[in-house]
Amino acid sequence: MGDDCNDLLREIAHFLHGELPADRAAALRSHLDGCPPCFESADFQAQLKAVVASRCIEHVPDEFKERLMGFLRDSQPS
Amino acid sequence: MADQATFADQAMDHMPALYAAAMRMTRNRADAEDLVQEVYLRAYRGFSGFEQGTNLKAWLFRILTNTFINTYRAKQRRPQESDLEDVEDLFLYHRLPALEQATRSRSTEADVLERITDAEVKAALEDLPEQFRLPVYLADVEGFAYKEIAEMLDIPIGTVMSRLHRGRKGLEKRLHDFVIDQHLITQET
């Protein structure tokens with residue numbers, strides 16, 4: 001990997017989040033097309049991000065949901 | 001102007017997402033439930049100030065982060081850690097020695113990633129110091145834009161980006177440690 005790659009790697013996360021300005025995104029996309037190691041790194045980061053997001057689901061206990069609904073009902077002005 | 005009668009209809013849809021975030025923020029169920037309840041109470045009372053058609057989820061998450069920072073952070077049992085060891089450029093990808101030797105096939109990497117469990121991801125997130133955990137959660141689990149996160153946390157967007165960079169690397173390092181512990185890598189050597 002070259003020095004260009006090291007600079008660009010920092011931007012991959014922001015790119016994946018859709019936060020790079022159009023010109024930077026285009027430049028990065030074109031680098032990824034021509035640089036297999038960077039492409040694989042970007043691909044890995046994207047997969048890791050998807051895994052993290054999918055593993056954070058919490059089941060809400062029914063008891064809590066009912067308690068919350070009741071609490072809000074009790075909070076209504078009479 | 002939004003009417004409180006419509007509050008239950010609209011706001012309860014986002015409760016699972018708020019609950020999940022509260023769990024990672026407070027790191028215990030009792031505090032998480034108190035926090036969510038507090039958030040809904042504040043949201044309910046302030047609902048007339050919510051502009052219909054704007055992002056309700058972001059509005060609720062703003063109340064959540066605000067309430068957490070002002071009310072619950074002081075109560076956290078673990079001392080506030082401000083240091084995150086420097087894990088600059090420590091990619092999980094490059095640190096899997098078996099993969100460095102073997103052909104980097106997509107199925108091998110995907111296999112390792114898919115074996116990461118819910119418990120490991122949640123623990124890895126909870127191990128992050130708060131100032132990194134919150135931006136990482138809001139960005140990578142909930143998908144909020146950096147600008148929205150900056151507003152929620154009341155920090156400059158540049159700070160969001162630098163905390164995200166360090167937080168994401170910290171998360172990756174922690175997940176890498178879990179993967180090593182599970183011998184997913186050593187079975188190759």
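Reader: How far does helix H2 of chain A reach from its first C-alpha to its last?
Author: This is a predicted model, where local features need pLDDT of at least 70, side-chain atom pairs count only at pLDDT 80 or more, and totals for chains, interfaces and linings use all residues; side-chain values use heavy atoms, leaving out hydrogens and water. Residues are numbered from 1 along each chain as its sequence is written, while chains are lettered from A and ligands numbered from 1 in the order in which they are written. Helices (DSSP runs of H or I, at least four residues) are numbered from the N terminus, and a helix's expected span is 1.5 Å times one less than its number of residues. With 13 residues (22-34), H2(A) is expected to span 18 Å, and it comes close to that, reaching 19 Å.

Reader: Within what arc do the buried residues of H2(A) fall?
Author: Buried means under 20% relative accessible area, exposed over 50%, and partly exposed in between (1.4 Å probe, protein chains only). In H2(A), the buried residues are Ala25(A), Leu28(A), His31(A) and Leu32(A). They line one face of the helix, because the directions from the helix axis to their C-beta atoms fall within an arc of 125 degrees.

Reader: Which exposed residues does the opposite face of H2(A) carry, turned away from its buried side?
Author: An α-helix has 3.6 residues a turn, so residues three or four places apart point the same way. On the face of H2(A) turned away from the buried side, the exposed residues are Ala22(A), Asp23(A), Asp33(A) and Gly34(A).

Reader: Is the aromatic pair of Phe64(A) and Tyr19(B) stacked or tilted?
Author: Rings of Phe, Tyr and Trp (its six-membered ring) pair if their centres lie within 6.5 Å; planes under 30 degrees apart count as stacked, over 60 as edge-to-face and the rest as tilted. By this rule there are 8 aromatic pairs over all chains. For Phe64(A) and Tyr19(B), the centres are 5.3 Å apart and the planes at 55 degrees, so the pair is tilted.

Reader: Why does that pair join two chains, and which helices hold its residues?
Author: Both Phe64(A) and Tyr19(B) are buried. The pair joins two chains because Phe64(A) lies in helix H4 (residues 62-75) of chain A, and Tyr19(B) in chain B's helix H2 (residues 15-26).

Reader: How many residues apart in sequence are the parts tied together by Phe7(B) and Tyr40(B)?
Author: These two rings make an edge-to-face pair, 6.1 Å centre to centre with 75 degrees between the planes. Phe7(B) is buried at a relative accessible area of 1%, and Tyr40(B) is buried at 0%. Since Phe7(B) is in helix H1 (residues 7-11) and Tyr40(B) in helix H3 (residues 29-46) of chain B, the distance in sequence is 33 residues.

Reader: Which residues of chain A does Lys122(B) touch?
Author: Lys122(B) sits in helix H8 (residues 118-127) of chain B and is buried, at 15% relative accessibility. Contact means heavy atoms within 4.5 Å. Leaving aside residues up to four places away in sequence, Lys122(B) touches Arg24(B), and in chain A it touches Arg55(A), Cys56(A), Ile57(A) and Glu58(A).
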